[in-house]
Amino acid sequence: MYEVIRVKWSPEFEDEIKEIYRMFKDQERKIFDLTTYFDNTSVMDLVQLMCEEDFVFLIKENETPCAVFVLDNPRVYGKLIARVNIHTAIRRPFWGAKARDICKTFREYLHEHYLIKKLIAEVPQCGYGVIKLLKDMGFKHEGTMKEACIYKDKNGNPKFYDALIYSLTREDIK
């Protein structure tokens with residue numbers, strides 16, 4: 001049903017990179033902390049950096065791109081990834097039940113292809129849909145960092161939010 005493609009910053013992935021950019025651009029102020037935009041960094045700069053330094057995966061359903069997952073800042077020891085931060089953007093038509101199916105597919109893909117001890121997701125307290133999705137995937141709340149991220153509020157003004165830390169261990173991924 002869903003196809004998982006690992007994307008790298010190279011000409012052979014040009015179409016996939018464009019789709020990732022579109023997804024991030026569509027949700028740019030909701031999925032990126034405002035502090036991400038230092039020195040006038042653009043979304044394309046961020047996509048390039050992720051494709052060069054992290055593990056970036058595009059999820060497709062019948063050739064239609066529906067989500068992107070980024071495994072950020074992996075701590076790799078041989079074949080083991082001791083811990084890694086996970087970020088995602090899911091296209092709006094795939095929110096809700098389809099998002100849970102996409103996440104389940106990606107979780108299974110990770111279990112089959114990588115030896116990951118711990119996945120970590122940092123979510124602003126205002127990300128109610130993401131928090132529900134994380135809980136549905138089996139992530140456990142590990143802690144809260146008070147006023148650790150800045151996002152725009154409903155009026156478009158910068159506002160500090162608590163960062164909620166969720167994790168999923170290899171035992172939970174199965």
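A search of the whole structure turns up zero disulfides, a disulfide being a pair of cysteine sulfur atoms within 2.5 Å. This is a predicted model, where local features need pLDDT of at least 70, side-chain atom pairs count only at pLDDT 80 or more, and totals for chains, interfaces and linings use all residues. Residues are numbered from 1 along each chain as its sequence is written, and side-chain values use heavy atoms, with hydrogens and water left out.

Buried here means under 20% relative accessible area, exposed over 50%, and partly exposed in between (1.4 Å probe, protein chains only).

Now for strand 6, residues 118–124: five of its seven residues are buried, so this strand is largely enclosed by the rest of the structure. Helices (H or I, at least four residues) and strands (E, at least two) are DSSP runs, numbered from the N terminus, and two strands pair if DSSP finds at least two bridges between them. Strand 6 pairs with strand 4 (residues 80–90) in the parallel sense, over two bridges; here L119 of strand 6 stands opposite V84. With strand 8 (residues 158–169), strand 6 runs antiparallel, and seven bridges join the two. V123 has L164 in strand 8 as its bridge partner.
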